[in-house]
Amino acid sequence: MPSALARSPVTAAGADLRPVVGWTASDYPRDRQRVAIPQVEAQLVVRFGPTLPDGVDVHAMGPRRQVHRKFIRGGQRAVIARLRPGTYEAALGVSASALQGGPVPLDALWAPAQVQRLREHLANTADTQAAGALLDAAVSSRAARRPTVVATPAFLAAALERLQVASLGHVVRDLGISERHLRRVLHDTLGLSPKTYARLKRFEHAVRAAQAAGTVNWSAIAADTGYYDQAHLIADFHAIAGSTPTTLMAELREGAGDIADRTHTAWAG
C-alpha cells in the first residue's frame with residue numbers, strides 16, 4: 001500500500017494539490033439516525049460493518065444540496081474523506097459534473113483489483129483513525145501518478161473564499177475574470193454553480209454559528225452569515241433541510257448523541 005508520504009500532485013505553478021483535505025472518522029455504538037448538512041466537496045466514504053461484503057465498502061459521492069438523513073445500525077464505523085475541488089478527475093477518474101446523484105461504488109471508477117487491495121488493507125486497519133490515513137495515502141498516490149490531469153486555475157481558491165461573503169459580480173470584478181468563465185470553472189471543478197455554492201456555504205455557516213452559540217438568536221445569525229433577514233434564513237432552511245431552523249438543530253443534537261466523531265485536516269489549504 002502506498003506510503004502516507006506519497007508525492008502530492010502539483011499545478012504548474014507548484015501549489016500543493018493533495019486531494020484529501022480532511023476526513024471525519026465516526027463510530028456508531030448503537031442504532032442512530034444520522035443527519036448530515038450539505039457538503040460542497042465530493043467525498044469518499046468508507047463503511048465498516050458486519051453486513052457488508054468483507055466487512056467494508058468504499059463509495060464516492062458528489063456534492064450534496066440537501067440535508068441528508070439516514071438510519072445507521074449500531075456497530076458500524078465510517079470514514080468520510082473530503083476531496084479538494086479541482087482534483088476529482090486525478091483522484092477518481094471522473095469530472096465533478098459526473099459525480100451527481102447517489103453514491104458511486106469506487107470499483108466503478110478505479111480498477112477492480114486496485115479497489116480490492118484497498119478494501120483488504122482497510123479491513124485490516126486497527127481503527128477508523130488508521131483507515132482515514134490509509135485512504136488519504138491511497139488517493140494521494142493515485143493522483144500523483146496522474147499529474148497532467150491536475151489543471152486547477154490559480155484563482156479557484158480565492159473565488160471559493162470570496163463567494164462566501166460577496167456577490168458573484170463583485171467576485172469576478174475583483175478577480176478580473178468573466179462570470180461565464182467562473183461558472184464554467186466551478187462546474188468543471190466542483191460540479192456546482194457559483195450561486196448554489198454560495199447558498200450552501202451560507203447555510204453551513206448559519207448552522208455552525210447556531211451550534212456554537214449558547215443562546216441561539218436567529219435574527220443575529222441571519223445578519224452575520226449573509227441572509228437578507230431572518231425570514232430569508234427560515235425559507236432557506238425549509239428548502240435545504242425540509243424543516244425549521246430550530247427543528248434541524250434539535251435533529252443534529254440528537255443525531256450526534258454518543259457518536260464518537262474525530263475530524264482531521266489531512267493537508268493545509
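Contact here means heavy atoms within 4.5 Å. The structure is a predicted model, in which local features need pLDDT of at least 70, side-chain atom pairs count only at pLDDT 80 or more, and totals for chains, interfaces and linings use all residues. Residues are numbered from 1 along each chain as its sequence is written, and side-chain values use heavy atoms, with hydrogens and water left out.

Leu 106 is in contact with Leu 44, Val 58, His 59, Leu 92, Val 115 and Leu 118, its neighbours within four places in sequence being set aside. The largest nonpolar core has 64 residues. Such a core is a set of buried Ala, Val, Leu, Ile, Met, Phe, Trp, Tyr and Cys residues joined through side-chain atoms within 4.5 Å. Buried means under 20% relative accessible area, exposed over 50% and partly exposed in between, with a 1.4 Å probe and protein chains only. The members that touch the most others are Leu 44, Leu 92, Leu 106, Leu 122, Leu 182, Phe 203 and Leu 248. Helix α7 gives the most to this core, with 6 residues. Helices (H or I, at least four residues) are DSSP runs, numbered from the N terminus.

Helix α7 spans residues 194-212 and helix α9 residues 230-241. They pack at an angle of about 105 degrees, with axes 11 Å apart. Axes are lines fitted to C-alpha atoms over the stretch in contact, and angles run from 0 to 180 degrees between N-to-C directions. The two helices are therefore roughly perpendicular (65 to 115 degrees). Residues of α7 in this contact include Arg 199, Phe 203 and Val 207; those of α9 include His 232, Phe 237 and Ile 240. The contact comprises 9 nonpolar, 1 polar and 3 charged residues. Ala, Val, Leu, Ile, Met, Phe, Trp, Tyr, Cys and Pro count as nonpolar, Asp, Glu, Lys and Arg as charged, and the others, Gly among them, as polar.

The whole structure holds 2 aromatic pairs. Rings of Phe, Tyr and Trp (its six-membered ring) pair if their centres lie within 6.5 Å; planes under 30 degrees apart count as stacked, over 60 as edge-to-face and the rest as tilted. Phe 203 and Phe 237 form a tilted pair, 4.6 Å centre to centre, with 50 degrees between the planes. Phe 203 lies in α7 and Phe 237 in α9, so the pair ties together parts 34 residues apart in sequence. Both residues are buried. The ring centres of Trp 218 and Phe 237 are 5.6 Å apart and the planes at 70 degrees, so this pair is edge-to-face. Trp 218 is also buried. Phe 203, Trp 218 and Phe 237 form one aromatic cluster.

Technical notes. Parallel < 35°, antiparallel > 145°, perpendicular 65-115°, else oblique.
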